[in-house]
Amino acid sequence: MSPGMDHQQEISPRQAEILKLVVEGYIQHSTPISSLFLTENYQIGLSSASIRSIFVDLEGKGYLYSPHRSSGRIPTEKGYRHYVAHLPPARVLLEEDQRVIQSEYLKRDFRINEVLDVSSRILAMLTNYAAVVIAPEPEKAALKHIELIDMGGDEVLVILVTRSGAVFSRTVFLESRIPPDTIRAISRSLNERFKGMDLAEVRLQLKHDAQQPPAPGVFLPMIARTIAEHFDSVKGAEEVYTAGIESLFNRLAQEESGRARDLGALFESPDFVRGIFKRTIDLDDMDVLIEGDHDQRLQGLSIVSASYKMGERRIGALGVVGPNRMDYVRVLSIVEYLRRIMSNMITRLSN
C-alpha cells in the first residue's frame with residue numbers, strides 16, 4: 001500500500017502499540033480514549049500511569065492530542081498516517097460484503113460505463129462515504145475499430161470505436177477524391193495496424209504516416225494527415241461518477257455545517273474531484289491520503305483510492321472520501337476487492 005505519508009518521527013514499538021489501540025478505539029467508539037479504557041479492554045501489561053506517560057510522549061511528538069484537560073486522547077492526522085502506514089498488507093473482505101458486491105453486478109448485463117456508475121453506487125452503499133470512480137481518459141482508451149465511410153465526393157466519415165464502448169465520429173473533407181474501394185482497403189489496413197493501441201498512440205502513428213512522401217495512387221498519407229488534423233474531437237476530460245456525497249455531507253453537517261457547505265462547493269467541481277483521484281491511475285498499489293496537512297479544504301478527511309485495469313493497462317481510478325475516523329481495514333478491503341471485480345468485468349467487456 002502507498003499511503004502517501006510524510007516522513008515521520010520514529011516512535012518505539014510500545015508507543016506504536018498504544019497509538020494503534022487509541023486509533024482503533026477512537027474509530028470504533030468516537031470518544032477520546034483514556035488510559036483506563038486501554039487497561040480495562042486490552043491485556044497490554046501496563047499500568048494506567050505508564051500509559052499516561054506514553055500518551056504524553058505521543059502527544060509531544062504530534063501523534064495524539066487531548067481535546068480537554070485530563071480527558072482521553074484523540075489521534076491527530078499524523079497519528080492516522082502512522083496507523084495506516086503500518087496496517088498489515090493482507091486484507092480479506094467480509095463474505096457478506098462480497099455477496100453484496102457480486103449480487104449487484106449479477107443483476108443485469110452491463111456496458112462499461114454502467115460498470116463504472118454501479119461501482120460508485122456499490123462503494124458508497126457499503127462504506128456510507130462519498131464514492132468516486134474516474135472513467136478512462138478518452139485518449140488513453142484502446143481502439144477496438146476504425147471505419148472510413150465514403151460519403152461521396154471528397155467527404156469521408158471517420159468512426160473510432162474504443163474498447164470502453166465510446167464512439168467518436170467526424171466528417172472530414174479530403175484534398176482530392178479517393179475511390180470507394182481504396183477507402184475500404186485503407187480502413188482495413190488501419191484496423192490491422194492500430195487495433196488495441198490507445199488513441200494517443202494512434203494519433204502519433206497517423207502523424208508519422210502523414211509525413212511520408214506521396215506516391216502516385218497511394219492515398220494513405222493524405223488520409224492520415226486529414227484524420228490527424230481532426231483528432232482533437234476525441235479529446236476530453238475523464239468522466240467522473242460519484243455517489244453517496246449526501247451521506248458524507250450529512251455526517252459533516254452534524255459536526256460543523258460550515259465545513260459541509262464548503263466541501264459541497266468543492267464537490268460541485270468535477271475538476272476538483274478528478275484532480276484528487278487522477279494521480280492514483282498511475283499507481284498499482286492502494287493509496288491512502290490523510291489530506292488535512294496537504295489541503296486545508298480537506299482537513300479532517302481521508303481518501304482511499306486505487307486504480308483499475310483493462311487487461312494489463314491501468315485506465316482509471318476509484319475510491320472514497322470520508323472522515324479520518326474511518327474503518328480503514330474494511331474500506332481498504334472493499335476498494336481492493338471492487339477494483340479487482342471491475343478490472344475483470346471491463347477486460348471481459350472490452351474483448
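**A tour of helices and sheets**

Helices (H or I, at least four residues) and strands (E, at least two) are DSSP runs, numbered from the N terminus. The contact, meaning heavy atoms within 4.5 Å, brings together Asp 97, Val 100, Ile 101, Glu 104 and Tyr 105 of helix 5 with Val 115, Val 118, Ser 119, Ile 122, Met 125 and Leu 126 of helix 6.

This is a predicted model: local features need pLDDT of at least 70, side-chain atom pairs count only at pLDDT 80 or more, and totals for chains, interfaces and linings use all residues. Residues are numbered from 1 along each chain as its sequence is written, and side-chain values use heavy atoms, with hydrogens and water left out.

Stay with this pair. Helix 5 (residues 95-105) packs on helix 6 (residues 112-127) at an angle of about 150°, their axes 11 Å apart. Axes are lines fitted to C-alpha atoms, for helices over the stretch in contact, and angles run from 0 to 180 degrees between N-to-C directions. The two helices are therefore roughly antiparallel (over 145 degrees; under 35 is roughly parallel, 65 to 115 roughly perpendicular and the rest oblique).

Next, pick the open sheet of 5 strands, ordered 7-3-10-9-8, with antiparallel pairing. Two strands pair if DSSP finds at least two bridges between them. Strand 7 (240-243) and strand 8 (287-290) stand at the edges with a single partner strand each, so one side of each has no neighbour in the sheet. Now highlight strand 9 (residues 301-310) and strand 10 (residues 313-323), which pair in the antiparallel sense over 10 bridges. Look for Met 310, which stands opposite Arg 313 in strand 10. Helix 6 returns here: it packs on the sheet and touches strand 3 (130-134), strand 7, strand 9 and strand 10.

Move on to helix 1 (residues 13-29) and helix 3 (residues 48-60), whose axes come within 10 Å and cross at roughly 90°. That makes helix 1 roughly perpendicular to helix 3. Select Arg 14, Gln 15, Ile 18, Leu 19 and Val 22 in helix 1 to see them meet Ile 51, Ile 54, Phe 55, Asp 57 and Leu 58 in helix 3.

For the last stop, show the open antiparallel sheet of 3 strands, in the order 4-5-6. Which residue of strand 6 is the bridge partner of Val 158? It is Arg 170.
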